[in-house]
Structures are given as C-alpha cells and as structure tokens.
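Subject: Structure handover

Hi,

Here is the structure I said I would pass on. Please have a look, then read my notes below it.

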Amino acid sequence: MIRQLLASRLDVRTTEEGKGLSARRNGEPSHPWEVLNGGWIDADFGGSMKGGAWLCTFRPGFVNGIDPIVRNSVGYDKSTRSGAAVASDRASRGGAQGEVAVVGEDGMVITATKREHRPLLSGALIALDFSQSRDWPGESGAAVPLAIQRYGVPARKAAPSMKVNADLGIVQADAGAAPTGLAAGTRVAKTVDIVLGVARYGLQESVTLGSLATASAAGRLVTYNAAFDARATQAFGFRPFIYQMPDYDGWLVQDTMMRGQNTMVQRLLNVAPMPDDMIDKRPLVRVWAISPPVTEEQAVDPKWSPVVAADWTLEFEYRTFWNLNYRQRVPVLRMTPMAISYHSGLAFGIGDAIVNQSMSFIDEATQRFYLGMTYLQPEGKFWTT
Amino acid sequence: MKSYDKTGRQQICGGPGVLVSRFGDQVVLAGRERRGRIDPAFPVLFGGGFVQVGFGLVNDVEPTVGGVPISGKDGEVPQIKIEGYDSEDRSWVMLKVTIDPQTGKFAKSKDAVTVVSMASAGEQRVAGESDTVGLHPLAVLTPKRVHQITFFNLRHAVGYPVADGLGNFSKVLQHFFWS
C-alpha cells in the first residue's frame, strides 16, 4: 500500500503491472531545447516507423538569435475539412494506412509520410527514429547510466555463462543460460541523439593530373578545381538545423570508420581517412526509450529484438541547457575560384603554353591558398549566452 | 518503478524526480522540490507594440535608452517601439554597443550601450554589425509571445581576426559577447 505523502507533487497511477509513480513536471524550470513530448502516434510514418512513432518538439532555442530549421520534421497542414471528416476518411481507407495521422483541435493535420524542413518556432515535430540505436544494455562499450538503471535496465548484458565439461575436459557455453543475455523482468533501452548542426563555409577541392597533350594546350600539367562547398547555402541558407543522429558519442570518440564517417578524435589527430562532413555539431539531448519488462518467452528467444512501441517510456538526457552563440574560426571569405590560363592561339598554341608558364606563379599562390583552406578545416565554436 | 529484492518482496525504487527514503519499515516518497522560474538578466516584457527590458549588465555597465537606464529611473521605465516582423513573424530585441575603435572600449557618447528593436537579423553574423557597432540578441518576439535568449549578464570584447596565412589582420573588427 502506497500512501501518497506529498499529494501536490506526486502522481500515482494504477496500471496492470502495479502502481506507477511520477513527479509532476510543472515545478521544473523550463529551459531552451527542452523536449516537449508529443506522445505516441499510431500511424504509418514509413521506414522503420510503420507501426507508429514517438513525436516530440522543443521549447525554442536559438543560435546567434536564430531559431534552427528542423530537418525532416513531420509534415502537417491546415486542414480544410473537419476533424471528424478526416477521421472517417481515414477509417474508410483502412486505419493507419492513409497519410493523415492526427487532426489537432486547431484543424492542423499531421501528414505521417511527408517530411519537411521547418523552422523550430513554427512548432516542427520530429518522429523519433530508434532503428539505428545501439543495444542497451550491451555486452561491451559504455554501461547504461545510473538514472536509466533505476528503471530496471541492467548496466551490462550478462556475459555468456561458461561451465566446465568434465567429460571432454573443456570449458563451454552454458546451454541453460538465456541466449539473449537478459533476465526476464529486466528492461532494455534504445537511444537516439538530437544534434544541432551548422554547415560551415569551406572548400571542396579536386586535383587532376593531365596528360602531356592536355598540358601543352592548357599550360599546366596539374589542374586544381576549388569551389566553395555550397550545400549550406542551397539547403538551409547558413541557418542552424536540428537533426537526429544514431550515436553522437560514437561519432565523437569511437572508431566508426566502417560507417564511412570520421570521429572527432581522428580529425584532431589528422588521421581522418575521409573528407569531413563540414557540419559543426553540438549535442542537444539524448532520448532514451525504455521497454516494458522482458517476458520469459522473449528472454529465451534468440531471434527476439526489441522494437520501440507505445508502451515504452521516454526519458531525456540533456546536454545543452542555454541558447548558443556560434562563430566560425576564420572570417568568411568571398572569393571566386580562379584558374588562370591564357588562350591566344599564338604560334598554334605553343605561345599559350609559354605565357601560361610565366603566369603560373600567380596560379600557384591561388592554389596554395585553396589547399591551405581545405586542410585548415576552419571549424566553428559554440558558446552559451 | 517496481522491482523485487532478493527475498521476492516488492521493492520501491526511485526514479526521475522521485526520492525514496527508508526508515525501518517506513518508506517515505518525496517529489522533487518545486523550483521557481528562472529569473534571467535582461528580462524582456512585451505588449502593445512596445518592449521593456529589465536589469542586466554588459561589462558591468547597464544599458540606457534615451539616457535612462533600462531598469528605470525616478519611476520612469523606457519603452522601446517594435520595428516590425520578418517573413517568419519574428522580431528581435538586440543589445547594441558602440565602441571607440581606437581603444576597444565603449564610446563615451550617450546611449553607447543601449537596446534596440530590429525586424531582421543575419545568420552567420548579426546584420548591422560594423567596426564600431556590436549587436547581441536578448529576445525574439513572435506576435503571441516572448522567447528570452539571454539569461546572464554579459561580457563583450572586440578583436581583429587574422585573415590569411601570412599573419595579416582583417580590417573588419569582430564583436564577441559571452556570459
């Protein structure tokens, strides 16, 4: 019997599993980037979220006074029809198969399969994608944090228990142990990291070694092509953006070369094998999804893999509390890439080669500048305001 | 919230915001202490097309509007008219500092440190910044509410960045604000 001592601050919920306790949120101070849980929406969000998804948005946060764009947020529109009409239409099309997921009181319709880039201040929603999460608990790597262990998630998976086979004189795996490494009654967790990114100015560069015939025509044996990496301007207009990443810590320190991405440590050591993705990142929050207790059947089923569903619990591990300032390390350079060569047709082109040779020192200085910029990797810095 | 101890009895565990204390057979559950709202520096109030900004400091200087400190003087609190909204219905309340480029310190003129309303703001770098003028966002207004950006008193400094590999300095002074 649980007696409620501090009635104003505790909620006691009676469920099939027993009593659930939670502290009310309204006493906690709100801060920028705070996750506002939109709840589980039972609709086809496509990909790994065919059965539904957890939706969330954020209390607005700002970088240099600008609210970020939420990448791939769930699309929604102002409906011209009433909520009842949309709901009946959805039912006639066979439940969640239709595009329309939810009709809000204000007539806003969430379109489950549509993805948009929307500003955070417009209340953009993210459908949380846990499909690429690491295993929590895992057999190796980082242990589950204490706050999550309190829900009943073990710190690590039990190592496969071994026993001595006296007949054969060897040590072998205990066939009686649960093949999932999980005891019934414990829980598992999945995570996704929400990350703030700023696409920085930079240079893309390529080097082409020409043939002698090309060289006599163009005046150079080696051709450099340098251009500003303009993805930032094209997609988001130098605006910060929010997106989901399976594992920010993995990107930071672990060896993820197999995934074709450099870690930050590799880049600091200058051993990064791949070009940088030119995005300065700042983690906002790690979202933990905690499963209901593992059943006896699931614990002994080697094929069982947990999938996030409506009966899971969400917990938020914040990494950024305040609004941010951002500045790139070098001032923005506005230059047109130059490839200086001279075409006059003098002496059937042989004169061109000579003139170009004599001008090549200018060319070389330009190229050195561009190469320097490329290897400089002018990363930006975030600080609180 | 529920697990079993070694003897099979139901055991109560704490969780986020819930503290469990045991005194013999008694178990006391306590919710997290109710905390107040955060009182930011430069609190921005908004209404009737005007904003009013509360007390805050930049390099230990309180901004003024028309020579009156922003937190008020003799019962008079300065009001700043809102300049309008951009295409996404945003409007900015900006801290504006004017410096003497020779010394890098605040200029001696009236309202050298002040608060202004702007209908637009740059993204990589605040639009309207120059050698002598530095800008820092205090709050963003939407037609229905205020989003406070700055929560702390600020420091401000300026400097010329090195623009190339030869150690030459850029001619454009950069302003930095931090808490």
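Start with chain A. Three of its strands make an open sheet, ordered E3-E4-E8, with antiparallel pairing. The edges are strand E3 (35-41) and strand E8 (126-127) of chain A, and each of these pairs on one side only. Strands of a sheet pair through backbone hydrogen bonds, in either a parallel or an antiparallel sense.

Now the E4–E8 pairing. Strand E4 of chain A covers residues 53-58, and two bridges join this strand to E8(A). The two run antiparallel. For a specific pair, take Leu55(A): its bridge partner in E8(A) is Ala127(A).

On to chain B. Strand E12 (residues 133-142) and strand E13 (residues 145-148) of chain B pair over four bridges, again in the antiparallel sense. E12(B) and E13(B) form a hairpin, with two residues between them.

A word on confidence. The model is predicted. How high is the mean pLDDT of chain A? The value is 69, and 50% of the residues in chain A reach 70 or more. Residues 1-9 of chain A have pLDDT below 50, and this stretch has 13 contacts in the model beyond near neighbours in sequence. Residues 205-210 of chain A are also below 50 in pLDDT. That stretch has 17 contacts beyond near neighbours in sequence. Where pLDDT is low, predicted coordinates should not be read in detail.

Best wishes

How values were computed
Residues numbered from 1 in each chain as written. Chains lettered and ligands numbered in written order. Predicted model: local features only at pLDDT ≥ 70, side-chain atom pairs only at ≥ 80, totals over all residues. Pairing = 2+ DSSP bridges. pLDDT = per-residue confidence, 0-100. Contact = placed C-beta atoms within 7 Å.
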